[in-house]
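Subject: Structure handover and notes

Hello,

Here is the structure I said I would pass on. My notes follow below it.

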Amino acid sequence: MNAADLRLPVDVPSTALFTDRYELTMLQAALRSGTADRRSVFEVFTRRLPEGRRYGVVGGTGRVLDAVENFRFDSGVLDFLAAQRIVDEPTLARLADYRFRGDIWGYPEGEVYFPGSPILRVEGTFAEAVLLETVILSILNHDSAVAAAASRMAVAAGDRPLIEMGARRTHELAAVAAARAAYVGGFTSTSDLAAGFRYSIPTVGTSAHAFTLLHDSERDAFTAQVDSLGGGTTLLVDTYDVTEAVRTAVEIAGPELGAVRIDSGDLLLLAHRVRQQLDDLGATKTRIVVTSDLDEYAIASLAAAPVDAYGVGTQLVTGSGHPTCSMVYKLVARADEAGPDAPLRPVAKKSMGGKTSIGGRKWAARRPDADGVAEAEVIGTGPVPDALADHQLITELVRGGEVVAREPLDAARDRHAAARAGLPLSATQLSRGEPVLPTEYL
């Protein structure tokens, strides 16, 4: 059995209460007015990318599919809603039988997106689709923010591996989701065992400063670690004096020492000094891993340094300054009556302050130039032009309430690498700028 199929004890049996109260009160009012069963189309999109970002990354789609499947109002949940008088008895009866039986389409996980991109489209009755708003946005906003930060860090790191180490900097459940999103964005491993168990992400880790401080000397600590984990382990060398620690590490583990980790100080200077020292001691294959509050800019600044891998925590799990993508979930089309075949008509919010939206059930395509490089994100509500038919982005995820697009996490990871490679070269610049592709509406 795949580890992902085992689930974790921290997985909740139902995602139904991962929602805002007004989703349920809207349902109650719609049931009373007779509009709850009108066919409806909701779309997830963002009006803008975080300031200075060139592209966004779709993260969390697989978790959305799990959340939709587990969106159930069991007896305990219904008892809570009744006791708190959140909704009336007819609404409770409707919720008791709730199952999402509609369709979901969207950008596949790992794909890049731009302002206005219809990242997810949820189609069903108003009653079943409106309830999913909060949990969908919660997942996509968090995971896409982490995936985007991870992607930028992966660009900065080049071929050097990245280790996700942010579990202690965020909520314990968010840490698992962050590790998953980071893997999609280009990280190679995680320190978080729950993420390794749940999603089969490779895990790494050896020791912290506490292990060195536990022992009477650094030599004793290194000896204990090597005796236990072997010479291929990674020794932390910045507890006291780095130069002395490196010398001791090679004496104990020999020239085949796996790696040393530097977690403080001037990483650029120390990396050069440690590399020279390791080479002089004959440990030419010993790798250097650096950690210590890294972000994409710090990683880029170390590009010329003899660093073999990076460990990233705080900045990664907080989206490197942008912990949300500001995605919204808006009704864009609805029928005037109940019934699966009732015709849809566009609807849209009109307001001041840049919060307007565009009505209609949308398609999306990425138009390439003559060299095959993407040049525009094209979004429309009518027929898809023949020239764009083979460049459409939206795929079917759920059909009639059944998930049809579940995939291994590595598929999303590979998709992101390919999607990013298909963008103009300026997409990988870390300097502030506008979205690398314009959004065009047809």
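This is a predicted model: local features need pLDDT of at least 70, side-chain atom pairs count only at pLDDT 80 or more; totals for chains, interfaces and linings use all residues.

Positive phi values

By that numbering, Ser326 sits in the loop between helix H15 (314–317) and strand E12 (327–338). Its phi is near 60°, which is a positive value in a residue other than glycine. Ser326 is partly exposed, at a relative accessible area of 45%.

Asp293 is another residue to look at: its phi is near 50°, again positive in a residue other than glycine. The loop that holds Asp293 runs between strand E10 (287–290) and helix H14 (296–301). With a relative accessible area of 62%, Asp293 is exposed.

Pro343

Pro343 belongs to the loop between E12 and strand E13 (344–346). Pro343 counts as exposed, at 62% relative accessibility. Leaving aside residues up to four places away in sequence, Pro343 touches Arg334, Ala335 and Asp336. From Pro343 to Asp263 there are 80 residues in sequence and 61 Å in space, C-alpha to C-alpha.

Helix H5

Helix H5 covers residues 89–96, and Thr91, Leu92 and Leu95 are buried in it. Viewed down the axis of H5, these buried residues fall within an arc of 100°, so they line one face of the helix. What do the buried residues of H5 pack against? Their partners are helix H2 (21–33) and helix H4 (75–83). On the face of H5 turned away from the buried side are the exposed residues Glu89 and Pro90.

Helices H3 and H7

Two packed helices are described by the angle between their axes and the distance between the axes. For helix H3 (residues 61–69) and helix H7 (residues 133–157), the angle is about 160° and the axes are 9 Å apart. Angles over 145 degrees count as roughly antiparallel, so H3 is roughly antiparallel to H7. The crossing of H3 past H7 is right-handed.

On the H3 side, the contact is made by Thr61, Arg63, Val64 and Ala67. H7 contributes Val135, Ile136, Ile139, Leu140 and Asp143. By type, the residues of this contact of H3 with H7 comprise 6 nonpolar, 1 polar and 2 charged.

Regards

Methods
Residues are numbered from 1 along each chain as its sequence is written. Side-chain values use heavy atoms; hydrogens and water are left out. Buried means under 20% relative accessible area, exposed over 50%, partly exposed in between (1.4 Å probe, protein chains only). Helices (H or I, at least four residues) and strands (E, at least two) are DSSP runs, numbered from the N terminus. The arc is that of the directions from the helix axis to the C-beta atoms. Contact means heavy atoms within 4.5 Å. Axes are lines fitted to C-alpha atoms, for helices over the stretch in contact, and angles run from 0 to 180 degrees between N-to-C directions. Angles under 35 degrees count as roughly parallel, over 145 as roughly antiparallel, 65 to 115 as roughly perpendicular and the rest as oblique. A crossing is left-handed if the near helix is turned anticlockwise from the far one by less than a right angle, and right-handed if clockwise. Ala, Val, Leu, Ile, Met, Phe, Trp, Tyr, Cys and Pro count as nonpolar, Asp, Glu, Lys and Arg as charged, and the others, Gly among them, as polar.
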